[in-house]
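Thanks for coming. I will keep this short and go through a few local features, starting with the helices and ending with some backbone angles.

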Amino acid sequence: MATGRTHRPATRSRGIPEATVARLPLYLRALTALSERSVPTVSSEELAAAAGVNSAKLRKDFSYLGSYGTRGVGYDVEYLVYQISRELGLTQDWPVVIVGIGNLGAALANYGGFASRGFRVAALIDADPSMAGKPVAGIPVQHTDDLEKIIEDNGVSIGVIATPAGAAQQVCDRLVAAGVTSILNFAPTVLSVPDGVDVRKVDLSIELQILAFHEQRKAGEEALPDGLPTAAAVTDSADQGPDGDVPAVMPA
């Protein structure tokens, strides 16, 4: 079986924009749901609505894959699932290591969606000696002393960091030195990596803070008497020049 070490997706070399790459998993999730319901074809409007994007953007994204659909028929669901899976590199086996087996790391280890999407949890690693040998999701936890050997033995190129913030950079450095070139970071800190290493950061607290901002704004707008402008509208008005346009140069 092919491994992540020897087979890399051709996405970048084919010139697909990063914004399109970020939307491909959304399309795949929607298409997989259609496939499970034995839906043979789908229109761009229906698929765009299911993925949460507009149909013009979807058609543009699919044009990078060389898939244009059939007028009056739409897109073949199974073929699109194959196309997107191949483009994302999900038609091969990607061994993954998870470092940091606390509550979050254990939850990730138990996530059943990895295997069905082309990822295999090859090893669980933790710095706590008392964790060594304990099974989590049927996989025995190994100590960080063996990290480099584990990476080499399993041909791992993708690492998941779920450690406390203070340990994340050191773990990251060791993963990169051992040959890992893609990292999914759940630690609440920004990692420094060399060129050629990709990092995706997942920070649940930041996402919740963004939601709190929107909730506060909605509550503030609901509290305003009818007819009064919102704070955003007042700000926009203040930025405008005498003719309603934003001045190109602010006066001294």
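I will begin with helix H7, whose buried residues pack against strand E3, strand E4 (119–126), strand E6 and helix H8. Please keep in mind that this is a predicted model.

Which residues of H7 are buried? They are Leu147, Ile150 and Ile151. These three cover an arc of only 100° around the axis, which puts them on the same side of H7. Just after H7 comes Gly155, with a positive phi of about 60°.

Now to H8, which covers residues 165–177. H8 has 13 residues, and from its first C-alpha to its last it reaches 19 Å. That is close to the 18 Å expected at 1.5 Å a residue.

The buried residues in H8 are Ala168, Val171, Cys172, Leu175 and Val176. Their arc around the axis is only 130°, so they sit on the same side of H8. Gly166, Gln170 and Ala177 are exposed, on the other side of H8.

What do the buried residues of H8 pack against? Their partners are strand E3 (94–99), helix H7 (147–154), strand E7 (158–161) and strand E8 (182–185). Just after H8, Gly179 takes a positive phi of about 115°.

Next, a pair of helices. H1 and helix H2, residues 44–51, pack with their axes 9 Å apart and at an angle of about 110°. Angles of 65 to 115 degrees count as roughly perpendicular, and H1 and H2 are therefore roughly perpendicular to each other. The crossing in which H1 passes H2 is right-handed. On the H1 side, the contact is made by Leu26, Tyr27, Ala30, Leu31 and Leu34. On the H2 side, Leu47, Ala50 and Ala51 make the contact.

One glycine is worth a stop here. Gly105 lies in helix H5, residues 103–109. Is Gly105 buried or exposed? Its relative accessibility is 0%, so Gly105 counts as buried. Leaving out residues up to four places away in sequence, Gly105 touches Ile98, Gly100 and Ala162. Gly105 and Asp126 are 21 residues apart in sequence, and their C-alpha atoms are 9.4 Å apart in space.

Last, the backbone angles. Most residues other than glycine have a negative phi. Ser38 is not a glycine, yet it has a positive phi of about 60°. Where is Ser38 found? It is in the loop between helix H1 (18–36) and strand E1 (41–42). Exposed means over 50% relative accessible area, and at 62% Ser38 counts as exposed.

Ala137 also has a positive phi, of about 55°, although it is not a glycine. Ala137 is placed in the loop between strand E5 (135–136) and strand E6 (139–143). With a relative accessible area of 39%, Ala137 is partly exposed.

That is the end of my list; I am happy to take questions.

Conventions
Residues numbered from 1 in each chain as written. Predicted model: local features only at pLDDT ≥ 70, side-chain atom pairs only at ≥ 80, totals over all residues. Heavy atoms only, no water. Helix = DSSP H or I, 4+ residues; strand = E, 2+ residues; numbered from the N terminus. Buried < 20%, exposed > 50% of the residue type's maximum accessible area, 1.4 Å probe, protein only. Expected span 1.5 Å × (residues − 1). Arc of directions from axis to C-beta. Contact = heavy atoms within 4.5 Å. Axes fitted to C-alpha atoms, helices over the stretch in contact; angles between N-to-C directions. Parallel < 35°, antiparallel > 145°, perpendicular 65-115°, else oblique. Left-handed = near helix turned anticlockwise from the far one by under 90°.
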